[in-house]
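Dear colleague,

I am passing on the structure below, and I would be glad if you could read my notes alongside it.

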There are 2 protein chains.
Amino acid sequence: MTNKKPKRASSRAPKNGKASPKLEDLARAVVAMAAREKDPSIEIPTRSLSNVAYNEKTRHVEMGANKQSRNFFNYGQAKRFMQTLLVGSKCKELIDMGKTASIRQIYYLAKHTIKGTKEKTFDDQSESDPIIEDLEVAINALREELHLFASNRGNLAGPITLVDAGSTLDCAAMGSAGYAVPSICEPDVIQFKKCKAKFILHVEKDTVWRRFHEDRFWEQHDCIISHGGGQPARGMRRLLRRMHEELKLPVFVLLDNDPWGYYIYSVIKHGSINLAFESRRMAIPDAKFIGVSSFDYERCDMSDDVKIELDASDIKRAKQIANYPWFAGKRPWQREIKKMLTNGFKMEVEAMISKDLSYLTEEYTPMKLNDKKQWLD
Amino acid sequence: MTNKKPKRASSRAPKNGKASPKLEDLARAVVAMAAREKDPSIEIPTRSLSNVAYNEKTRHVEMGANKQSRNFFNYGQAKRFMQTLLVGSKCKELIDMGKTASIRQIYYLAKHTIKGTKEKTFDDQSESDPIIEDLEVAINALREELHLFASNRGNLAGPITLVDAGSTLDCAAMGSAGYAVPSICEPDVIQFKKCKAKFILHVEKDTVWRRFHEDRFWEQHDCIISHGGGQPARGMRRLLRRMHEELKLPVFVLLDNDPWGYYIYSVIKHGSINLAFESRRMAIPDAKFIGVSSFDYERCDMSDDVKIELDASDIKRAKQIANYPWFAGKRPWQREIKKMLTNGFKMEVEAMISKDLSYLTEEYTPMKLNDKKQWLD
């Protein structure tokens, strides 16, 4: 069926970055301890809520300074010590080969039976995933720098030309589904070439995005439109951050009027609590929330067809979010969340279509973008 | 923030097709019945398992001839009669405007309160979704021809140049996530321009696809590699079918060795039971299953690290699938499924990586493609 051609070097994988020497340093330190007949250990910053704080100055959710030691000569830590070095060595191999792997693939690569025993290095992927996060914080590298990728999700369109794995792509002419944002968006994979966009409009869902794309919103408004297919994946967050930082593009976010929408905005803006150590590479503290706001029901004279009743978990979640340190001190956010609770209902971006198919793209969003007073920060 | 430019006609939406006159015919028939003072009604083919059969000749899962009448002067049918006409008229508007909408958006477009009452035309999207399917079968048109889209999912890469919504795209140079396959892949949106590929390799998951893409499998083997992010969405199935039919490309499918993998293959090959009326536009009866086979554990000398124990629902599902009429008569499939049950475990495509990161793309898949005896039909 198939005639194999001579193989060319892969042009898809990221190039050797800083993670490789950091992994070597980690390994060397362990070897040195062993040589000095000391108990080999690795210092790992604590990844728990108690070690996470909001930094008022950077406006990032950040990790604190707490660390814990993982020792080889400790019955409770020996297995995880070994697993950490094993995952580290597999990542080093990936980097050296110029290849990448999914976290599932790294699990399969690192899983084996220890000679002479029936003991497996990993019983389950749920054991290797946290080890990857440990390694990221231990050597202060993003997962993508370790050559690991997640599922890719999210698309964009607009007047930007970029180079992705060697191919030059004009995102104003990428077809009806737009440019597919990959999982790894580091500078060695993606470079920006030309950009005529003046801002980025990020929406939650692909179906909403398609409305904007079909109506050629990006062309009319000189902007980039992107979506993350729900909670944006790491690749999309990293690319948004890089376009914001390197191309000086303001980021506007349009999400459903529900606690989940608030949460997505919170993650885009300040970083996530679970993965706080990534904030400095992913968070966009200047991102603005333009809607859907709880006040839009009256402001836009919506019919009650768009109301979706809040349930108990919505109410609980909304109150939690109101108490996030980065929302707690902001009166406009407190008003916004309180209004949702008073309304007793939530609304989707797509609800704006109940007025008219083009209301969302031709009236609502331009109105929101043009009136700074309606932005939430 | 934004300066609105003069608007251009959308180039993203499909052009007027055959669905528009069919919708008009439906409406005219209803009007004519009313004019003759007859009870207005619509004939809708029955969408239930009892009206689905496997056609041995076409090798499609097909709908039977059973129909049911939906009448206006019938207390139990009046609401759904009205809903059917309402959704039909909204689709006609979409077609006339040259725009498309998601099934969520059509729900919002068609939902309103009936004048002088508190009655809503639709209480919930769960009411409008089946009406859309009714309409599809009633006028014998694909959802996409009614200008409705689903979420888009799936990517491809390889030596094929296509035109998507007016943009010419070389899928051999579309970046690390490949060409994003849209939800609507009808000929008025996507045209094939140039194709040097000799076959299509379709895999289940994007993480597996990335392995093939990074290793430039499509370049070495002159093929197109595609994935559907799990069960392929309608857009991907339609595009695979069109490439198979119009470009004469054989389709090879590589899926996890579990009942879900068998099921995905079954849908790609013969069509789905729930949406049997689409088979004639989506099914690929000549598609071949190349793996992962239950016999590959021994054939490829895998270690027991790759075994994932079958649970009760896997076993039940495998037995159901073995009884599908299109598998029941095929000895190789019976052997394959029986072997999985005897093994007592399932395996993922990614498990092939446990040997070596490149084993999957450099040894396993070429071996499978080159040995016809290992294909399952």
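This is a predicted model: local features need pLDDT of at least 70, side-chain atom pairs count only at pLDDT 80 or more; totals for chains, interfaces and linings use all residues.

Residues are numbered from 1 along each chain as its sequence is written, and chains are lettered from A and ligands numbered from 1 in the order in which they are written.

Chain A has 14 helices and 17 strands, where helices (H or I, at least four residues) and strands (E, at least two) are DSSP runs numbered from the N terminus. Its C-alpha atoms fill a box of roughly 75 × 55 × 40 Å along the principal axes. Buried residues make up 48% of the 377 residues in chain A; a residue is buried if 20 or more other C-beta atoms, placed from the backbone, lie within 10 Å of its own, exposed if 12 or fewer, and partly exposed in between.

Strand E13 (residues 223-227) of chain A is largely enclosed by the rest of the structure, because 5 of its 5 residues are buried. A:Cys223, A:Ile225 and A:His227 point one way from E13(A), while A:Ile224 and A:Ser226 point the other way. E13(A) pairs with strand E7 (residues 155-157) of chain A in the antiparallel sense over 3 bridges, and with strand E12 (residues 199-203) of chain A in the parallel sense over 5 bridges, two strands being paired if DSSP finds at least two bridges between them. A:His227 is the bridge partner of A:Asn155, and A:Ser226 stands opposite A:His202.

A:Asn140, which follows H4(A), has a positive phi, near 60°.

Between the chains, 60 residues of chain A are in contact with 59 residues of chain B, contact meaning that the C-beta atoms of two residues, placed from the backbone, lie within 7 Å. H5(A) gives the most to this side of chain A, with 5 residues. A rotation of 180° with 0.0 Å of shift along its axis superposes chain A on chain B (RMSD 0.0 Å), which is the relation of a two-fold axis; the superposition is by least squares on the C-alpha atoms of residues with pLDDT of at least 70 in both copies. Of the residues of chain A, A:Ala180 comes closest to the rotation axis, at 2.8 Å (C-alpha).

Finally, B:Asp314 lies in helix H11 (residues 312-322) of chain B and is partly exposed, with 19 other C-beta atoms within 10 Å. Leaving aside its neighbours within four places in sequence, B:Asp314 is in contact with B:Asp258, B:Pro259 and B:Lys346.

With best wishes
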